[in-house]
Amino acid sequence: MIAKTVTRPGRRRSVLVCGLAGALVLAAALAGDPAVARRVRSDPGAVGLLRAAADAARRIPYEGRRFLTTWNRSRSSTSRVTVSHLPGEGIRYRSATAEDRYRPEAGAGDPTGFTPETLDLLTRNYSVVHGADAAVCGRPARVIEARRDDGSAAGRFWIDAETGLMLHRELIDATGRRVVAAGFSEISYTPSAKEPATYALNVPRGGAARFPASGGQGTAVVWSDRLDRADLAALRDRGWPVPKVLPGRLTLHDARRDAGGGAVHLSYSDGLAAVSVFVQRGTIDERALSGWRKTVKRGRTIFHRESLRRWAVSAGDGYVYTVLTDAPQSTADAVAANLPRDTTSFSTRVSRGARRLAAVANPFD
Amino acid sequence: MSCLGERLTALVDGELGHEERDRALAHLARCDHCRDEVASLRKLKGRLRGLDETDELPSPDFLTRLRTLPAAAGSTAPGDVPPAPAGPLSEPLADPFAGGAARHAARPLRSATRPVRPSNSARPRDNRPAGRAAAALGVQPRRRYLVMGAATLFLGLGGASYVVGGGDDAPTVTPAFDRYAVQHALTSGDAPMTDPLTDPVNQVQVSPGP
């Protein structure tokens with residue numbers, strides 16, 4: 001009897017301690033981002049190489065030819081362009097037939113597409129590890145692989161072992177097929193200094209004239225009006241559809257506004273595949289989309305076009321969405337189908353119709 | 001309805017001929033239902049008579065005037081229509097706005113020989129003027145038409161608005177595909193060349209896939 005009364009407080013204390021410990025473990029498990037575990041699996045050295053590649057693209061002068069190839073089930077499309085980069089100046093792109101473009105160093109976004117945000121997304125969604133070294137363009141390269149949870153490769157990057165420049169990258173779908181490949185087909189780190197530094201001024205004008213609405217003068221500059229979190233919140237308050245995430249773990253990492261056109265460019269990424277969604281007010285002018293494939297899925301019309309990149313255009317709620325990605329068409333379609341659709345309420349519709357009827361009937365109009 | 005029909009009231013009013021009266025009375029001896037009805041009619045008549053000492057029925061002239069009223073009543077304000085059974089004494093009770101003798105003189109239909117009902121109590125309890133009742137009868141279908149018309153108009157306009165309001169107010173737009181392609185390339189780290197979609201001159205080598 002006495003022994004019992006003595007041991008009881010001790011047992012109670014141990015139960016309390018065990019309970020507390022359990023609660024702490026549970027809280028840590030619930031609060032902790034499940035990606036933390038995955039992030040641990042990423043090789044910090046490999047991630048560091050990717051980060052350095054973005055830096056090298058700005059720092060290192062080079063000249064060469066770039067390509068972008070996309071595959072779908074039946075065919076592949078390739079675009080080739082000659083590039084030359086001068087640090088502190090910019091990159092000049094020349095194509096055999098299209099207008100030349102000049103990408104000034106300042107305000108042209110990141111030349112590799114790797115920003116701290118997309119790198120964060122990459123390590124969150126994939127495990128980034130070193131692969132077996134290889135050679136690209138006759139140069140030894142470090143290979144970095146982004147792997148899915150099941151261990152299959154989703155993306156590969158070839159980084160010049162000497163300069164740290166990204167030479168080649170490719171995306172691989174779940175069945176193991178390449179879907180996008182981009183990079184240099186030739187590269188030289190001793191650019192000929194023949195080109196005048198002000199070559200932006202003698203860019204042929206023909207191309208720009210063909211597209212009067214385009215950036216003009218062949219200068220490719222990212223829309224400078226970058227939208228921060230407060231801007232996005234204000235946009236959402238005004239009814240603009242700005243989803244934070246899209247199907248396929250695509251997360252919004254950058255948003256910019258066109259200075260004149262009234263369009264908003266939302267950049268989504270899962271770390272590997274980049275999906276751009278351009279939102280503008282209006283309804284689709286179907287005449288301008290002749291030649292596009294039109295499908296209606298669950299009451300929603302989507303226009304698709306597959307060329308080098310994959311396009312999908314849909315509309316809803318008074319906004320037109322243009323989805324553009326290098327990833328397979330199914331990604332573009334899924335994104336276009338999941339963007340906000342018409343939510344016009346009955347009363348809104350009736351009052352709008354009444355206004356229109358009144359406008360028609362009004363003789364003083 | 002009783003078996004005797006009209007003759008029942010005629011019997012009570014003492015308007016039947018000798019033979020008919022005998023036959024009706026013989027029927028009453030057999031039929032409880034008719035007997036009850038006659039009894040209640042008589043009682044009613046007696047009560048009415050008790051209310052009205054003079055026991056006078058409205059003159060035929062008054063009845064014709066009643067028949068002409070609905071048309072007039074429909075067009076005049078309700079307060080203006082207390083024409084009928086009220087004599088000068090009961091007039092204020094029927095309608096405070098009703099005028100005096102001058103007003104009555106102005107009415108051509110009112111007969112000077114019309115018997116006067118001096119007593120207020122002779123009036124039915126519902127002292128609504130007959131004209132007003134007649135007016136209500138005339139207006140009711142009209143009001144029904146009005147309500148139906150309004151409902152149809154409302155539903156029709158609402159339906160039309162719903163149909164017309166289908167599209168969006170926003171103007172039709174064509175996305176600037178070429179600029180979008182460049183923006184996408186710039187942010188995703190590719191060469192910002194125009195997408196061949198919008199630039200047919202740009203050569204894209206299309207080859208069969210692996």
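This is a predicted model: local features need pLDDT of at least 70, side-chain atom pairs count only at pLDDT 80 or more; totals for chains, interfaces and linings use all residues.
Figure 1. An α-helix has 3.6 residues a turn, so residues three or four places apart point the same way.

**Figure 2. The salt bridge between Arg139(A) and Glu162(A).** The two side chains meet with an N to O distance of 3.2 Å. Arg139(A) counts as buried, at 17% relative accessibility, whereas Glu162(A) is exposed, at 67%.

**Figure 3. A salt-bridge network in chain A.** Salt bridges link Glu145(A), Arg147(A), Arg156(A), Glu170(A) and Arg178(A) into a network. Side chains of opposite charge can pair when their charged atoms come close. Over all chains, the structure holds 19 salt bridges.

**Figure 4. Surroundings of Arg177(A).** Arg177(A) is placed in the loop between E9 and strand E10 (178-188) of chain A. With a relative accessible area of 43%, Arg177(A) is partly exposed. Apart from neighbours within four places in sequence, Arg177(A) contacts Arg73(A), Leu171(A) and Ile172(A). Of these, Arg73(A) is 104 residues from Arg177(A) in sequence, yet their C-alpha atoms are 9.5 Å apart in space.

**Figure 5. The buried residue Thr325(A) and its contacts.** Thr325(A) is part of strand E20 (residues 319-325) of chain A. Its relative accessible area is 0%, and it is therefore buried. A polar atom of the Thr325(A) side chain lies 2.8 Å from the backbone oxygen of Ala274(A). The side chain of Thr325(A) also reaches the backbone nitrogen of Ala327(A), at 2.9 Å. Not counting residues up to four places away in sequence, Thr325(A) touches Ala274(A), Val275(A), Arg309(A), Arg310(A) and Ala332(A) in chain A, and His184(B) in chain B.

**Figure 6. Helix H1 of chain B and its cover.** Helix H1 spans residues 6-13 of chain B, and its buried residues are Leu8(B), Ala10(B), Leu11(B) and Val12(B). Helix H2 (18-30) and helix H3 (32-51) of chain B are included in what covers these buried residues. Just after H1(B) comes Gly14(B), which takes a positive phi of about 70 degrees.

**Figure 7. The salt bridge between Asp32(B) and Arg35(B).** The closest N and O atoms of Asp32(B) and Arg35(B) are 2.2 Å apart in this salt bridge. Both residues lie in helix H3 of chain B, three residues apart, or about one turn of the helix. Asp32(B) is partly exposed, at a relative accessible area of 47%, and Arg35(B) is partly exposed at 36%.

Terms used
Residues are numbered from 1 along each chain as its sequence is written. Chains are lettered from A and ligands numbered from 1 in the order in which they are written. Side-chain values use heavy atoms; hydrogens and water are left out. Helices (H or I, at least four residues) and strands (E, at least two) are DSSP runs, numbered from the N terminus. Buried means under 20% relative accessible area, exposed over 50%, partly exposed in between (1.4 Å probe, protein chains only). A polar contact is a pair of N or O atoms within 3.5 Å; within protein, one must be able to donate a hydrogen and the other to accept it, and residues adjacent in sequence count only if both atoms are side-chain atoms. Contact means heavy atoms within 4.5 Å. A salt bridge is a side-chain nitrogen of Lys or Arg within 4 Å of a carboxyl oxygen of Asp or Glu.
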